[in-house]
Amino acid sequence: MVLRDGLRIGTLDVAVDSVDQPRFGLMANGDRGIGVVTTYVITDAAGLEFDVQDTRWRNGGREVAASVVTGGTSMTNLLDGRLSLAARPVESGICTSDLRQARVKLDSYDFTASLYMAQETELDTAAGLDVGSILREAGAILVGSRRQLLGDTGRARRHSCVVFPTESDVPVLAFLLTRVLPLKHMWFAPDSTKGPRDYKPPPMVQETGRRVYVILLELPSVGAGYYVGETGIAVTERFRQHKIGYKHSRHAHKYGLRLVPDLYEREPVFGSNDESKAGEADLYGRLKAQGYTVRGGH
C-alpha cells in the first residue's frame with residue numbers, strides 16, 4: 001500500500017499533489033522545526049475536496065493536518081487547520097502515535113469537534129473499516145492498546161496507539177481513519193446529545209433539493225441495521241435532530257450510531273418532496289432486498 005500511487009480509503013480518494021517540499025515552522029510541541037512536506041488531495045463522490053499535508057520533521061517526528069476544505073459539510077470543514085495528528089520518534093527510524101479519534105459535539109449550533117482516546121472497536125465502527133488491518137498493511141509494526149505496546153498502566157492504558165517506521169504512510173492513513181471519516185460519518189460525543197439550548201431548526205434548503213440518507217443502527221437482539229430517511233436540510237443537521245430528539249425517528253434517536261455516506265451519497269438530488277419520498281422508499285427496498293435489517297423508508 002503506497003499512497004503516492006493513489007488509493008481509496010472508504011469513500012475517500014487519495015492522490016498525491018506535491019512531494020518533499022521544504023517546510024519551516026512550528027512543530028506539534030511548539031518548537032520551530034525544519035522538514036519536508038508531501039501534500040495529498042482528498043476527494044469523494046459528494047464533491048468534497050481538501051489537502052492533507054504530511055510533514056516529516058528533521059528530528060524524526062511526523063505531523064499530518066488538513067487544509068483548504070471545499071465542497072464539504074459542516075463536519076469536514078472542522079478539519080481545516082485543526083485536529084492534526086502528531087507522531088514522535090521512539091528510536092531511530094521508528095515513531096509512535098496515539099490513535100485519538102475525532103468526535104462531533106451536537107450541543108453547539110456551529111458544530112464543534114474534539115479528539116478523544118478510543119479503543120479499537122470504536123475506531124473501526126466510526127471509520128466503517130478495519131483500522132488496524134489497514135495500518136498494518138501500510139507498514140505499521142504494532143497496533144494495539146497503550147498497555148500492550150508501551151507498557152502504560154495509567155488511565156489511558158486501554159486506548160489505542162500505533163508504532164510504525166518513520167518513512168511509512170501510516171500517519172496519513174491514521175489521520176484519514178481517525179479524523180476525516182469519523183467527522184464525515186457524524187461520529188458524535190455521547191455527552192453532547194442534549195443539543196443546543198433552545199434549539200431552532202434551520203430553514204429548509206429547497207434550492208439545493210432534497211436528499212435521502214442512511215444511519216447505522218445498533219439494534220437490541222438484532223445487531224447492525226440501517227435507518228433510511230429523506231430531508232430538505234443538510235443531512236448532518238437532520239442526523240443531529242434525530243439524536244437530540246427533535247422531530248426524530250425512535251430508531252434513529254435511540255439506536256443511531258453514525259451516517260453511512262457510502263450507501264447514499266451517489267443517490268440523486270430530488271426536486272420535490274414527492275420525488276424524495278419515492279427515492280427514500282426505493283433505497284429502503286434495495287437495502288432490504290440485499291438482506292439488511294432496515295427501518296424507516298416512509
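Predicted model: local features only at pLDDT ≥ 70, side-chain atom pairs only at ≥ 80, totals over all residues.
Me: How do you know whether Thr-236 is buried or exposed?

Reply: Set its value against the cut-off. Thr-236 has 6% relative accessibility, and buried means under 20%. Therefore Thr-236 counts as buried. Thr-236 lies in helix H5, residues 235-244. Leaving out residues up to four places away in sequence, Thr-236 touches Thr-73, Ser-74, Met-75, Phe-111, Met-186 and Leu-259.

Me: What makes H5 mostly covered?

Reply: A count of its residues. In H5, 10 of 10 are buried. Among them are Val-235, Glu-237, Phe-239, Lys-243 and Ile-244. The buried residues of H5 pack against strand E12 (211-219), strand E13 (223-231), helix H6 (250-255) and strand E14 (256-259). After H5 comes Gly-245, with a positive phi near 90°.

Me: How do you know that E8 and strand E9 pair?

Reply: Pairing needs at least two bridges between the strands. E8 and E9 (residues 112-116) have 5, in the antiparallel sense. Lys-105, for instance, has Thr-112 in E9 as its bridge partner. A hairpin of 6 residues joins E8 to E9. Strand E8 (residues 101-105) is mostly covered, with 4 of its 5 residues buried.

Me: What makes strand E6 and strand E7 a pair?

Reply: The threshold is at least two bridges. E6 (residues 85-91) and E7 (residues 94-98) have 3, running antiparallel. Arg-88 has Thr-96 in E7 as its bridge partner.

Me: Why are strand E1 and strand E10 called edge strands?

Reply: An open sheet is formed by 9 strands, in the order E1-E2-E3-E4-E5-E6-E7-E11-E10, with antiparallel pairing. E1 (7-9) and E10 (142-145) each pair on one side only, and they are the edge strands. From one strand to the next, the twist averages 30°.

Me: How do you know that H4 packs on the sheet?

Reply: Contact means heavy atoms within 4.5 Å. H4 touches E1, strand E2 (12-26), strand E3 (32-43), strand E4 (49-57), strand E5 (62-70), E6 and strand E11 (160-165). The direction of H4 makes about 40° with that of E5.

Me: Which residues touch the most other members of the largest nonpolar core?

Reply: They are Phe-50, Val-52, Leu-79, Leu-135, Phe-175 and Leu-176, in a core of 73 residues. Helix H4 (residues 170-184) supplies the largest share of this core, 10 residues.

Me: What is Val-52 in contact with, leaving aside its neighbours within four places in sequence?

Reply: The contacts of Val-52 include Thr-38, Tyr-40, Ile-42, Val-64 and Ala-66. Val-172, Phe-175 and Leu-176 are also among them.

Methods:
Residues numbered from 1 in each chain as written. Heavy atoms only, no water. Core = buried A, V, L, I, M, F, W, Y, C linked by side-chain atoms within 4.5 Å. Buried < 20%, exposed > 50% of the residue type's maximum accessible area, 1.4 Å probe, protein only. Helix = DSSP H or I, 4+ residues; strand = E, 2+ residues; numbered from the N terminus. Axes fitted to C-alpha atoms, helices over the stretch in contact; angles between N-to-C directions.
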